[in-house]
Each structure stands twice: as C-alpha cells, then as structure tokens.
Amino acid sequence: MVDRSALGQVEVICGPMFSGKTEELIKRLRRAQIARQRVVVFKPKIDDRYDENAVVSHSSMRIESIPVEGSADIDRWLKRADRAPSVVGIDEAQFFDVGIVDLVERLADRGVRVVVAGLDQDYLGRPFGVMPTFLCLAESVTKQLSVCMVCGAAASKSQRVHKDAHRTGKGGDDVILVGAGEAYEARCRRCYVLGTDVPST
Ligand code: ADP
Ligand code: MG
Ligand code: ZN
C-alpha cells in the first residue's frame, strides 16, 4: 500500500546579512498560517535582537517564535506539544548545534514542512555551521543576495566593520582606526575585505 500521508520537506533560505532571509521565512510561514496550518517558529536564544519571543526582520516584519538553547530544546518542546505542527520554521539556523540536522530530517520524514533560514557564510566567508549540510539535504534551496553598501551591486558577503570607527591621520599608510563598536554590512565580492579592521561605509 502506498503511503499517501503528508510528504514533508526541508526548505532552506540562505544568503548574507540583510538579504531578506527572515522576511522570506516570515512570508512563507504567514501563508501557511493563512492556510490554517499549524505553524511553530524557533530561534536560538543568543539572537535576542528586537524581541525575545518573536522573529523580527530588519524591515520590522515579525512572527511569534519560541527562543531555544539548542536542538534538544526544540525536541522537548515538540514532544510536549498537544498537537504536532505541520510547518516548523527555524531562523538563524547557523547558530544551532549539529543535533538540529537529525531533528529536522526526522521531522521532514514524518511529514512536516521545515523552513530553515540562516547565514550560509560567516564574516570570514567560510561555510557557516550546519548550513552547508542543510543545503545538501534540502528539497528546496533559495539563496538571497543583499545590496552592497559600497557600490550597490548584488552582495553575497557579510563584512564585519567597526561601526563607530573613523579614519584618522593624514591618509596614506598611516591611517588608523578608532572605535570599538562592531557591526556588519553587506558587500559584493569586489568590495569585501577579508578580516575585521574595516571601517563602515
Ligand atoms: P536577513 O534576515 O537576511 O538578515 P531581513 O529579512 O531581516 O534580512 O531584512 C531584509 C531587509 O533589510 C530588506 O528588505 C531591506 O529593507 C533591509 N536592508 C538593510 N540593508 C540592506 C542591504 N544592504 N541590502 C538589502 N536590504 C537591506
Ligand atoms: Mg535574519
Ligand atoms: Zn560592491
């Protein structure tokens, strides 16, 4: 007998910072809610920007979410839930422990649609945490790009910059950086500088 129960799947939304990963995640999950599907969203506790109990995009779109310490927390939460969700969203997936991969795979095998958003590269341009694994396992992969803050081209990199830094000295080689604040900005591969001693634009 052919199993005709819901076919689960893993969808990945990746790209650099400010590329609209969270917006896209919220858009997909909202549509699922409109379709009256049971949606649950998780985010790592370390990401407490804006709101502890919501995933919020840089453009202020928001959706209620459950902050968790790691994959075991999600597992516990789902086991305790009265009714199993049919759609699970995970934001900032790059911050999760490796256990998240098995958990997401098991959910999809059981018929759950899992939408995973996260940075594909860290600020040094390296594949970030569990994201490369998700990119291989997913049924669907969406790579988003940002706008380069230097030249306006399509940006695939997250540049770490000194937010309150400004250049001092008389220019040339004696330029030094003042300021300790760290921030990130999107950059294309032409304008991206490997390393951290970069002033913001
Ligand atoms: P992500 O989750 O990928 O970091 P968000 O979904 O939170 O991105 O935010 C995307 C929004 O950020 C854009 O729609 C735009 O309003 C804003 N934004 C700010 N800086 C940039 C940039 N450099 N490139 C593109 N969008 C940007
Ligand atoms: Mg985001
Ligand atoms: Zn550029």
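1. Let's start with G70, which is in contact with F96 and D97 once its neighbours within four places in sequence are left aside; contact means heavy atoms within 4.5 Å. This is a predicted model, in which local features need pLDDT of at least 70, side-chain atom pairs count only at pLDDT 80 or more, and totals for chains, interfaces and linings use all residues. Side-chain values use heavy atoms, with hydrogens and water left out; residues are numbered from 1 along each chain as its sequence is written, while chains are lettered from A and ligands numbered from 1 in the order in which they are written.

2. Where is G70 placed? G70 sits in the loop between β5 and α2. Helices (H or I, at least four residues) and strands (E, at least two) are DSSP runs, numbered from the N terminus. G70 counts as buried because its relative accessibility is 9%; buried means under 20% relative accessible area, exposed over 50%, and partly exposed in between (1.4 Å probe, protein chains only). G70 and A93 are 23 residues apart in sequence, with 10.0 Å between their C-alpha atoms.

3. Next comes helix α2. Residues 71-80 form α2 and residues 99-109 form α3; the two helices pack at about 30 degrees with their axes 8 Å apart. That makes α2 roughly parallel to α3. Axes here are lines fitted to C-alpha atoms, for helices over the stretch in contact, and angles run from 0 to 180 degrees between N-to-C directions. Angles under 35 degrees count as roughly parallel, over 145 as roughly antiparallel, 65 to 115 as roughly perpendicular and the rest as oblique.

4. Which residues of α2 and α3 meet? From α2 come S71, I74, D75 and L78, and from α3 come G99, I100, L103, R106 and L107. These contact residues divide into 5 nonpolar, 2 polar and 2 charged. The buried residues of α2 are S71, D73, I74, D75 and L78, and they pack against β2 (39-44), β5 (66-68), β6 (87-90) and α3.

5. Do look at the zinc ion (ligand 3). Its protein donors are the SG atoms of C148, C151, C188 and C191, 2.3 to 2.4 Å away; donors are N, O and S atoms within 2.8 Å of the metal (3.2 Å for Na, K and Ca), and water is not among the atoms, so sites may look incomplete. The spacing of the donors along the chain is C-x2-C-x36-C-x2-C. C151, in the loop between β9 (146-147) and β10 (154-155), and C188, in the segment after β14 (182-187), are 37 residues apart and link distant parts of the chain. C151 is partly exposed at 39% relative accessibility, whereas C188 is buried at 5%.

6. How do things look around V12? V12 belongs to strand β1 (residues 9-15) and is buried, with a relative accessibility of 0%. Leaving aside neighbours within four places in sequence, the contacts of V12 include V116, M131 and F134. From V12 to L137 there are 125 residues in sequence and 9.3 Å in space, C-alpha to C-alpha.

7. Two loop residues other than glycine have positive phi values. R36, in the loop between α1 (21-34) and β2, has phi near 60 degrees and is exposed at 79% relative accessibility. S60, in the loop between β3 (54-56) and β4 (62-64), has phi near 70 degrees and is exposed at 58%.

Technical notes: Ala, Val, Leu, Ile, Met, Phe, Trp, Tyr, Cys and Pro count as nonpolar, Asp, Glu, Lys and Arg as charged, and the others, Gly among them, as polar.
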